[in-house]
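User: I have a model open and would like to talk through a few of its details with you. Could you start wherever you like?

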Amino acid sequence: MKLEGKVAIVTGAASGLGFASACGLAAAGASIVALDLDEARMARLREQIEPSRLLLCAGSVAEEAHVAAAVDAAVARFGALHIAVNCAGVADAAKTVSKGEPFPLATWNKVIAINLTGTFNVIRLAAAKMLGNDPGDDGERGVIVNTASGAAWQGQVGQAAYSASKAGVIGLTLPVARDLAPHGVRVVSIAPGLFDTAMVAGMPEQVSKSIIERMVLFPARMGRAEEFAALVRTIVENAYFNATTISLDAGARMSAR
Ligand SMILES: NC(=O)C1=CN([C@@H]2O[C@H](COP(=O)(O)OP(=O)(O)OC[C@H]3O[C@@H](n4cnc5c(N)ncnc54)[C@H](O)[C@@H]3O)[C@@H](O)[C@H]2O)C=CC1
Ligand SMILES: C[C@]12CCC(=O)C=C1CC[C@@H]1[C@@H]2[C@@H](O)C[C@@]2(C)[C@H]1CC[C@]2(O)C(=O)C=O
């Protein structure tokens, strides 16, 4: 799908991979509907994207009403919705049992609600709008890009909820692509390795250095948000990507413990 004149909703757009994706799609000519809980940080998009092609929506991907309002606003303001990029996510961690205390169910529910249910909430509401689009080349009406994680396959200590949520994103990719293929909507997920964003900013330098030296194959550094955004753009523009999860991780393999 050519990006010029298209409309994209990007969740988690206030920070990191979502911010870079919103900027990258806008630079290629798309109008952007940004959805994030963090209204203040999201406002930084105004410095990168011209006002006539930017709509900021404060809200949670886990709330039906918030996402419904954002996709309605996209169509009301820009006339259609062609692209959805799911980047909103959290990485709250806990051990299954720690010092005799079981994993807090509230943490489990939060991570699943945002990373997995939130992703599907955006997919279903955005796809319903995409089905109203006039078909383009090959009958294409829309593209959905989700963010999984290498942790789906190689979760570390404390990542039961996070890994399960991301495995869920990978799991839904094929059946949703099958559901939407007859309507000309593609669905692709990206599984990033370690990227230099706010989500990993709290990691002690020693830990990140050790992960990079021992577990990242080449190039031995964290990923840059712009590299993620470049893949999002490629997925949107290249109609032959569908129903798959693409690793973007410099060959990272995590250790056993
Ligand atoms: N940074 C990394 O190394 C990796 C990140 N990921 C995934 O990439 C996605 C983006 O992560 P980053 O950009 O690194 O993190 P980030 O922390 O920089 O950005 C995440 C954004 O999501 C927003 N958000 C959180 N909960 C939300 C909700 N309920 N509704 C709407 N927005 C919400 C936050 O306000 C924040 O702006 C996440 O799904 C994360 O799990 C996956 C693999 C590696
Ligand atoms: C658990 C990690 C690594 C150790 C640390 O000090 C801090 C962390 C919090 C953020 C985690 C870190 C690592 O496991 C990799 C992930 C899970 C990171 C959040 C996103 C992350 O980069 C990922 O999903 C990788 O695939």
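Analyst: Leaving aside neighbours within four places in sequence, S149 is in contact with Y162, K166, I190, A191 and P192. Please keep in mind that this is a predicted model.

User: Where does S149 lie?

Analyst: S149 sits in the loop that runs between strand 7 (142-147) and helix 5 (151-154).

User: And is S149 buried or exposed?

Analyst: S149 has a relative accessible area of 7%, and because buried means under 20%, S149 counts as buried.

User: What does the side chain of S149 reach?

Analyst: The side chain of S149 reaches the backbone nitrogen of A151, at 2.8 Å.

User: Switching to the ligand, which residues come nearest to ligand 1?

Analyst: There are 29 residues around ligand 1, and of these S15, D36, Y162, F195 and T197 come nearest. Y162 is also one of the residues in contact with S149.

User: What about polar atoms, say for T197?

Analyst: A polar side-chain atom of T197 lies 2.4 Å from an oxygen atom of ligand 1. On the backbone side, an N or O atom of L17 is 2.8 Å from an oxygen atom of ligand 1, while a polar backbone atom of G193 is 3.3 Å from an oxygen atom of the ligand.

User: How confident is the predictor in all this?

Analyst: The protein has a mean pLDDT of 98, with 100% of its residues reaching 70 or more, and for the complex the predictor gives an ipTM of 0.97 and a pTM of 0.98.

User: Now helix 3: how far apart are its end C-alpha atoms?

Analyst: They are 21 Å apart, which agrees with the span of 21 Å that the 15 residues of helix 3 (residues 64-78) should have at 1.5 Å a residue.

User: Which residues of helix 3 are buried?

Analyst: V67, A70, V71, A74 and F78 are buried in helix 3. Seen down the helix axis, the buried residues fall within an arc of 90 degrees, so they line one face of helix 3.

User: Why would that spacing put residues on one face?

Analyst: An α-helix has 3.6 residues a turn, so residues three or four places apart point the same way.

User: What covers that side, and what is on the face turned away?

Analyst: The cover over the buried residues of helix 3 includes strand 1 (7-11), strand 2 (31-36), strand 3 (54-58) and helix 4 (105-130), whereas the face turned away from the buried side carries the exposed residues A65 and A76.

User: And what comes just after helix 3?

Analyst: Just after helix 3 comes G79, which takes a positive phi of about 95 degrees.

Conventions. Residues numbered from 1 in each chain as written. Chains lettered and ligands numbered in written order. Predicted model: local features only at pLDDT ≥ 70, side-chain atom pairs only at ≥ 80, totals over all residues. Heavy atoms only, no water. Helix = DSSP H or I, 4+ residues; strand = E, 2+ residues; numbered from the N terminus. Expected span 1.5 Å × (residues − 1). Buried < 20%, exposed > 50% of the residue type's maximum accessible area, 1.4 Å probe, protein only. Arc of directions from axis to C-beta. Contact = heavy atoms within 4.5 Å. Polar contact = N/O pair within 3.5 Å; in protein donor to acceptor, adjacent residues only side chain to side chain. pLDDT = per-residue confidence, 0-100. Near = heavy atom within 4 Å.
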